[in-house]
Each structure stands twice: as C-alpha cells, then as structure tokens.
Amino acid sequence: MNFQNTKKDLKLVISVGDESGIGPEIILKALCSNEISDNIDFILVGSKRNLQNTYNHLRSLGLENLANPKDLEIHDLEISSADNDSKSSYGNASFYYLTKAIELVKQHPNSALVTGPICKKSWSLSGHYFSGQTEVLAKSCGVKNVGMLFTAKSPITGWRFNTLLATTHIALCEVPNQLTPELIHSKLNLFKDFCNTYVDKPTLKVAGLNPHAGEEGILGSEEKDWLNDSLIAWNKKNRGIKLLGPLSPDSCWNSSVKAWNYKDAEKHDGILAMYHDQGLIPMKIIALNYSVNTTIGLPFIRTSPDHGTGFDIAGKGVAESHSMIEAIKAAVEMTNNSRLLNTH
C-alpha cells in the first residue's frame, strides 16, 4: 500500500488523551519531527495549561526538539471535576477531549483524527463505561460495524502490514461466545473495502481460533463446526479476494516477518485475527514503534499510537514518539489518498 500525499488543506485534529501519561510528551515531540509535513493544519484538543506545563518541564530536563504549545492551535478545554481522585479527573478530561475532537472532525470535510492514549480504568472511575476509544467513535458516528485495524509501513521494504481484529477489548473467555459467522463476514467486508482502496485483488489471511486451527477438531471444534464453512461462503460472494484460512495461528504471521524484511518476499494484504492478543503480539514484535491503531468503517480516518499511557515513564522525558509520528503520517496518507475519500 503506497498512499500518496497530494492535498495541502488537510485539517488534523489531535485528542491529547490522558494527560497524566505520556500523551502530551509524545505529541509535542512528534509535531517537532522533520517527518511531519509542514502543510498540515493541526488542532490539539486538551488543556493548554497542561500542555504548556509539560513543555516547560521537558525543557527543564534538557529536551530541545519539542513543539511549543504557544505556537500551536489548541482547542482549550478545562474540565472541572467534583472528584478529588486524580485518576478519575484525568479520565473524565480525556473522555471529553475525545468527544470534542470527534465533533471538530465532523465539522471539517477534509479532516482526520489522531488520538492519544487513554486509561480505560480512569474512564470507568469517572463514569464513562466504554471499553475503548473505538467504541466511543462508533457510537458518536452512528456506525455499528467498525474494525480495529493495526497497520505499519516497513522502513525496509515499504510494504504495509495490516492486522484486523475480529473481537477487541473483551475477556479471553468471552471470545468464543462473541465469534459468529455473521461477525466474521462483517469484519471481512470491512477488510475487503479497506484493501480495495489500494489493490484490486487483495490477499487476506484468517487465523484460526485454536492451536493448529483446531487440528480437524482435535484441539478445538470452532474451525470444523462453522469457521471453515463461513469462510467458504464469504469467499463465494467475494471471488475477487484471495482468502486463505483458517490458518494455524502459530505460523500465520511467518510470512509477515519475511514481507517486512525482504523486498522479494511474497506479500499479503492483511490478516484477520480472532482476538486482541493473537493479533497484537505478532504485530508489535514485527513492527515495534511503527504500528498504528486505525479504526476502519468510520466516515473519517482515525489513527492512534499502538501503545498505552506509559504512566511509569511519564514526566521522565524518555517516551518514544515514533508510533505517534507514524499515526500522524498514516492519517495524512490515508485521508489524502484519492481512493480513501471522506464521506462526512
């Protein structure tokens, strides 16, 4: 996938996320990077005071390559909280940063959203019971079928590595109950639409749920009982797609390693994982710091770094900003690609 950056009037809205984590630091570092185009109109949604305090603190630690909040357009939100619990207070603020950022993106036809990391526990403590930002985005946009896609562009080969999750933020014991032929078909439809924006006949792989994809029912029956037939039925309706699977999960991503590292390796366009860690573990191992969380199925592009809030390193000046840089670059490339037009 080779998105082309052709337009110059893109508005990129960045929700700061949980300000007690590394979100403000990685944003200020990323916006100072020479990898980010100068012709993007940025709007940050967060607390201007907190961003300035972060900047001043990092400068006191000796960091120089930082964007100064005084030079940035910031939609300043000071969210008051009756709760003295700082974790709840930051969670409440990050929730409203996101909802305001979504509102701003909806107002601008050629715009995209980049979100900083949030803490789900803090959201819960502040009374916002969503399992993640993806779910808020879906509800805010009135979209039922969205997908959590992780994408990364290899700096070695230029190949774009895509992994879509069939299920997202749920307990592992709930995964078999959530998986149905209807769910698999809906995710494959999303994946097909996404891949068809840059290739006419994509190759998609599907990981099995069980070890060795069930070993014909010996190590689990889901593949034998319904997943095999479900994939066959979907592929009959989508003959332009080369669909492989269900494949043994322990070897499904082997070809991704080769495609990431070697230009002459056989390429595929995406892998559908059955659950969160099945897809994210190989994704983060293969594409560490390059992987980006992308929500597909929305009327606009949304990306986010593929890591969390990093509370343990917040304020130390050591947070790595590369995933945020990649999230910004991916949002720009996808939005500006003529075959990925916004519909809002």
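Trainee: Quick one to start: is Phe150 buried or exposed?
Mentor: Buried, with a relative accessible area of 4%. Keep in mind that this is a predicted model.

Trainee: Where in the fold is Phe150?
Mentor: Phe150 is in strand E5, residues 147-153.

Trainee: And which residues does Phe150 touch?
Mentor: Leaving out residues up to four places away in sequence, its contacts include Phe161, Asn162, Leu280, Met283, Val292 and Asp306.

Trainee: OK, switching to strand E7. How many of its residues are buried?
Mentor: Five of its five, so to speak: E7 covers residues 203-207 and is mostly covered.

Trainee: Which way do the E7 residues point?
Mentor: Thr203, Lys205 and Ala207 point one way, while Leu204 and Val206 point the other way, and all are buried. In a regular strand, side chains alternate between the two faces of the sheet.

Trainee: Which strands does E7 pair with?
Mentor: On one hand E8, residues 242-247, which runs parallel to E7 and is joined to it by four bridges. Thr203 stands opposite Lys242 there. The chain gets from E7 to E8 through helix H8, residues 222-237, in a right-handed β-α-β crossover. E7 also pairs with E9, residues 270-273, in the parallel sense over three bridges. In that pairing Leu204 stands opposite Gly270.

Trainee: What's the peptide bond from Gly245 to Pro246 like, cis or trans?
Mentor: That bond is cis, with omega near 0°, and Pro246 is in strand E8. Most peptide bonds are trans.

Trainee: What about phi in the loop between E7 and H8, say at Ala213?
Mentor: Ala213 lies in that loop, and its phi is near 55°, a positive value in a residue other than glycine. Glu216 is found in the loop too, with a positive phi of about 55° although it is not a glycine.

Trainee: Is Glu216 buried or exposed?
Mentor: Glu216 is exposed, with a relative accessible area of 73%. Ala213, on the other hand, is buried, at 14%.

Trainee: Last topic, helices. How do H3 and H5 cross?
Mentor: The axes of H3, residues 86-107, and H5, residues 133-141, come within 11 Å and cross at roughly 45°. The two helices are therefore oblique to each other, and the crossing is right-handed.

Trainee: Which residues meet there?
Mentor: From H3 you have Phe95, Leu98, Thr99, Ile102 and Lys106, and they meet Gln133, Val136, Leu137, Ser140 and Cys141 in H5.

Key. Residues numbered from 1 in each chain as written. Predicted model: local features only at pLDDT ≥ 70, side-chain atom pairs only at ≥ 80, totals over all residues. Heavy atoms only, no water. Buried < 20%, exposed > 50% of the residue type's maximum accessible area, 1.4 Å probe, protein only. Pairing = 2+ DSSP bridges. Right-handed = clockwise from strand over helix to strand, strands pointing away. Axes fitted to C-alpha atoms, helices over the stretch in contact; angles between N-to-C directions. Parallel < 35°, antiparallel > 145°, perpendicular 65-115°, else oblique. Left-handed = near helix turned anticlockwise from the far one by under 90°. Contact = heavy atoms within 4.5 Å.
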